[in-house]
Amino acid sequence: MIGMCARRLGAMFGVSRSLLVRIIRQPVVRWQHANTVLRRSYASQAINQMLQLQQMDICADQPSRGLVIGVFADEEDKNDAGILTPAGWRYNVTKTNGRLIQVLRMSGPMPKRGEARLLFAIEPERIPYYSVVAVVGLGKECLGYNPYEVLDEQKEAIRRSVAAACRILAELDTDRIEVENCGHAESAAEGAALGIWAYQELRDPKQRVSVPSIDLFATPDDICDIEGWRIGLQKAAAQNLTRQLQEMPSNLLTPTAFAQNVVEVLCKSGVNVEVKVEGWAESQSMHAFLAVGKASCEPPIFLELSYYGTCAEERPIVLVGQGVTYDAGGLCLKRRKELYNMRGDMTGAAVVVATCRAVASLRLPVNIRGLIPLCENVVGCNSFRPGDMVKSMNGKTIEIQCTDHEDVLVLADALLYAQNFCPKCIIDVGTCSGYMRQSLDEAAAGVFTNSEILWQQIKHASMHTGDRVWRFPLWNYYSKAVRAGSRSDVQNYGIGRGGRPCKAAAFLREFVPCGQWMHIDATNVMVTNGIDFEYLRRGMAGRPTRTLVEFIAQTICKDTAPKLGK
């Protein structure tokens, strides 16, 4: 009987049978001691098992992967149960046995556009392949082109929501993020790549924000739009390059340093770069451009970019980018609050550089010429002064009324030089008037053009990219305002109190003798507050790079008009 009891107790507590027999035959006092020994033995065994399990979880070192899928729902109906995208539904059925949609519906109303909801450990496996799944709101299924907003709302909803999800996952130190196409792979790629980008080259590596890798999620049953994903990544990379150049401090990105960066970036992409120095500009009689940079110790530089995507006889599209690497206003000094962001006064130049690289990477069958005049507008003993007169390449005399409006002077000579290439059209990008922010805020960049065709093409391009543009008048009323002076042919400020952006465009029009021309004023979209667009962090925005790339791509297509949804 004692042996049988000892055998059962030994099996229960993991203690040898002979030890239990000896304990049972002892007096009662020793039996209490034995009971204590048994409890300690059992407790230590359980603790050891728990420690082993914890150590297994720690030593597993599982990779941190995130998945982003979309859900359609009516934002105005809180009781809408939501419909997952086809790829999201297949993941829900095959990998989570329907648990994902159940947990999502129990967690509250469906996420809205620009929102993401995180679900952890949704997969039944003990170590799930995706440690976290972000479900993003895409709005109604019927979203499409909205003629009143001049915007494809479905594509913009994808960008906003995917970017919000990727930024949250990046904050969780996720190593890899896979994003489903959400109905449009190009927009999903743009939102993901733009959302996780941050300028942190000058920060301590230990303090930098985690930037995960991103990839397209697809199941074997999905139609994988890898080409659309690649195009979206290229467009996002172009805008991120613009943001990087804009964010660089002006003491590090001087005209010479800018030229060196351009050579390093573009020569790898198959774009030819010619660096022309101050002596060349003098030989071309670019006195308006040279007058701006006289006060700086940094010599002015003129860059000429060339990309041949088709036969050399094909007329090129000429892109002109304003390259004032720092604008203090000259003798008409800017206010202190305005000076901080003036490192971004070379936005036009950065947009042209990034556009040329994107066009080359996408191998678009088009010829491009990029012209970038680089200089600094600072205060010095040799500064140009209000009341000075300078001559442009075409011999027109320009009266300097205000040294803080040097942007048009820099662009004027470049526009005249562009005529040498017999272009299809000329597009210049600059930051010519701070009053653009009072007009449009961050909603859209301003466009001035003498061609209805160019306007329709750039409008359709901006509708697809979500980086909108809006047309301003280019009337003779403003041309008369900049030609009203009796001492010169044109004035860089003009008469009258208002209409500064329109007068700047009218001034530039004086230096475009013929052909199709478009001026893009990006002053108001140079900086973003980080709130209006989920895919752009606070700081330099890099706009309107994607719109310009899309515009060039659409010029080689026949039908670019937007289609209204049913």
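The legends below walk through several close-up views of this predicted model.

Residue numbers start from 1 along each chain as its sequence is written, and side-chain values use heavy atoms, with hydrogens and water left out. Because this is a predicted model, local features need pLDDT of at least 70 and side-chain atom pairs count only at pLDDT 80 or more, while totals for chains, interfaces and linings use all residues.

**View 1. The protein chain as a whole.** The chain holds 19 helices and 22 strands; helices (H or I, at least four residues) and strands (E, at least two) are DSSP runs, numbered from the N terminus. Of its 566 residues, 54% count as buried, where buried means under 20% relative accessible area, exposed over 50%, and partly exposed in between (1.4 Å probe, protein chains only). Contact means heavy atoms within 4.5 Å. Among contacts with a separation of 6 or more, 75% come from residues 24 or more positions apart.

**View 2. Helices H7 and H8 side by side.** Two packed helices are described by the angle between their axes and the distance between the axes. H7 (residues 185-196) and H8 (residues 226-247) meet at about 35 degrees, with axes 7 Å apart. Axes are lines fitted to C-alpha atoms, for helices over the stretch in contact, and angles run from 0 to 180 degrees between N-to-C directions. The residues in contact include Ala185, Ala188 and Ala189 of H7, and Trp229, Ile231 and Leu233 of H8. By type, the contact residues divide into nine nonpolar, four polar and four charged. Here Ala, Val, Leu, Ile, Met, Phe, Trp, Tyr, Cys and Pro count as nonpolar, Asp, Glu, Lys and Arg as charged, and the others, Gly among them, as polar.

**View 3. Helix H9 and its neighbours.** H9 (residues 255-266) has 12 residues and spans 16 Å from its first C-alpha to its last, close to the 16 Å expected at 1.5 Å a residue. The expected span is 1.5 Å times one less than the number of residues. Pro255, Ala257, Phe258, Ala259, Val262 and Leu266 are buried in H9. Its buried residues pack against H8, S9, S10, S12, H13 and S13.

**View 4. Helix H13.** Running over residues 347-362, H13 reaches 22 Å across its 16 residues, close to the 22 Å expected. This helix is mostly covered, with 14 of its 16 residues buried. Arg363 follows H13 and has a positive phi, near 55 degrees.

**View 5. A three-stranded open sheet.** The strands run in the order S14-S15-S19, with mixed pairing; two strands pair if DSSP finds at least two bridges between them. S14 (389-391) and S19 (490-491) are at the edges, each with a single partner strand, so one side of each has no neighbour in the sheet. S15 (residues 397-399) pairs with S19 in the parallel sense over two bridges. Ile398 stands opposite Val490 in S19.

**View 6. Thr96 in helix H4.** Thr96 belongs to H4 (residues 86-96) and is buried, at 3% relative accessibility. Leaving aside residues up to four places away in sequence, Thr96 touches Tyr91, Ile122, Glu123 and Pro124.

View 7. Ala121 is not a glycine, yet has a positive phi of about 50 degrees; Ala121 sits in the loop between S3 (116-120) and S4 (132-137). Asp441, also not a glycine, has a positive phi of about 55 degrees and lies in the loop between H15 (436-440) and S17 (445-449). A cis peptide bond joins Arg543 and Pro544, with omega about 0 degrees, and Pro544 is in the loop between S22 (539-540) and H19 (545-555).
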